[in-house]
Structures are given as structure tokens and as C-alpha cells.
Amino acid sequence: MKKFSTSFLLPVAILALTVTDAHAADRVQPGQWETTITAGGRDRVMKSCVTAAEASAANGDEKTFQASVVKTAQDAGCTVKDVKVSGNQVTSDSTCGGHQNTSTTTYHGDWYEQTSSNGTKVRAKRVGACP
């Protein structure tokens, strides 16, 4: 069984900050999220809680949002070269463990989907309040 690498974990970390609506002011809703990550032909399902503070940072203006993504990447040992917010899409370029990756996340209300240049696909949905 392959272990998940840091280059795989960065998109997941960024997703914790970029969880869901087409409007910048409502990009992230606090609550419990279920995320399915498909990588290497295998699915992994995880749940995470987005706090009100995390949602607030992600729902800020583009500069605040970008700063949140950069900090999350640094905490995961990665660097972010670029983050672009355009309507209901966020595209980020990052490097983890020497591997460059471009991810595009598209928001659809209370769910989102992400594709990455490393072949990873992510689909997540808000499932309710945090426990």
C-alpha cells in the first residue's frame, strides 16, 4: 500500500480552507465535511470540521484568502507559487517535496470538486454541523 505524500496532502489542506460556494463572501461554510480523495486508483474518505474562524478567513477578500492558503501550505511543508480566484473557481500552483502541482477547485453550493495535475481528484460535501 502506498503512503500518501506531502504533494497529495497539500490539496487536502487547502480544501479545508476552500470549502464551498460560488460567492466569495460565502466560499466556505462552517461545519462537518466529507471528502472523497481519488489518487492512484484508490478512494479515501475522510471527515473534517471547518470552524467559524477558518470559514471567516476563507470568506475574506482575495488577499486574505490567498494568505490563508499560503499559511496552510507552509504548515504542510509546501510552498504556494500562485492562487487565483475567479468566480466559483480557485486555481493554485504549489510545490511539495520537489513536486509541482496545479489544482483547480470548482464550488457548487454545499459541495465542491477539485482536479490536480498530479492526477488526484477530490469531491467533498458539507454533511452538517461539527460534532
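**View 1. K84 and its bridge partner in β4.** In this predicted model, K84 is bridged to T91 of strand β4. The two strands here are β3 and β4, the latter covering residues 89-96. They pair in the antiparallel sense, over eight bridges.

**View 2. Helix α3 over β3 and β4.** Helix α3 spans residues 62-75. It lies across both β3 and β4. Against β3, helix α3 runs at about 155°.

**View 3. The open sheet of seven strands.** Read across the sheet, the strand order is β2-β1-β7-β6-β5-β4-β3. The pairing is antiparallel. Strands of a sheet pair through backbone hydrogen bonds, in either a parallel or an antiparallel way. The edges are held by β2 (42-50) and β3 (78-86). Each edge strand has a single partner, so one side of each is left without a neighbour in the sheet. On average, neighbouring strands are turned by 20° against each other, direction ignored.

**View 4. The aromatic pair W33 and Y112.** A search of the whole structure turns up one aromatic pair. Its members are W33 and Y112, with ring centres 6.0 Å apart. The ring planes meet at 40°. Planes under 30 degrees apart would count as stacked and over 60 as edge-to-face, so this pair is tilted.

View 5. Are W33 and Y112 buried or exposed? Both W33 and Y112 are buried.

How values were computed
Residues numbered from 1 in each chain as written. Predicted model: local features only at pLDDT ≥ 70, side-chain atom pairs only at ≥ 80, totals over all residues. Heavy atoms only, no water. Phe/Tyr/Trp six-rings, centres within 6.5 Å; stacked < 30°, edge-to-face > 60°. Buried < 20%, exposed > 50% of the residue type's maximum accessible area, 1.4 Å probe, protein only. Pairing = 2+ DSSP bridges. Helix = DSSP H or I, 4+ residues; strand = E, 2+ residues; numbered from the N terminus. Axes fitted to C-alpha atoms, helices over the stretch in contact; angles between N-to-C directions. Contact = heavy atoms within 4.5 Å.
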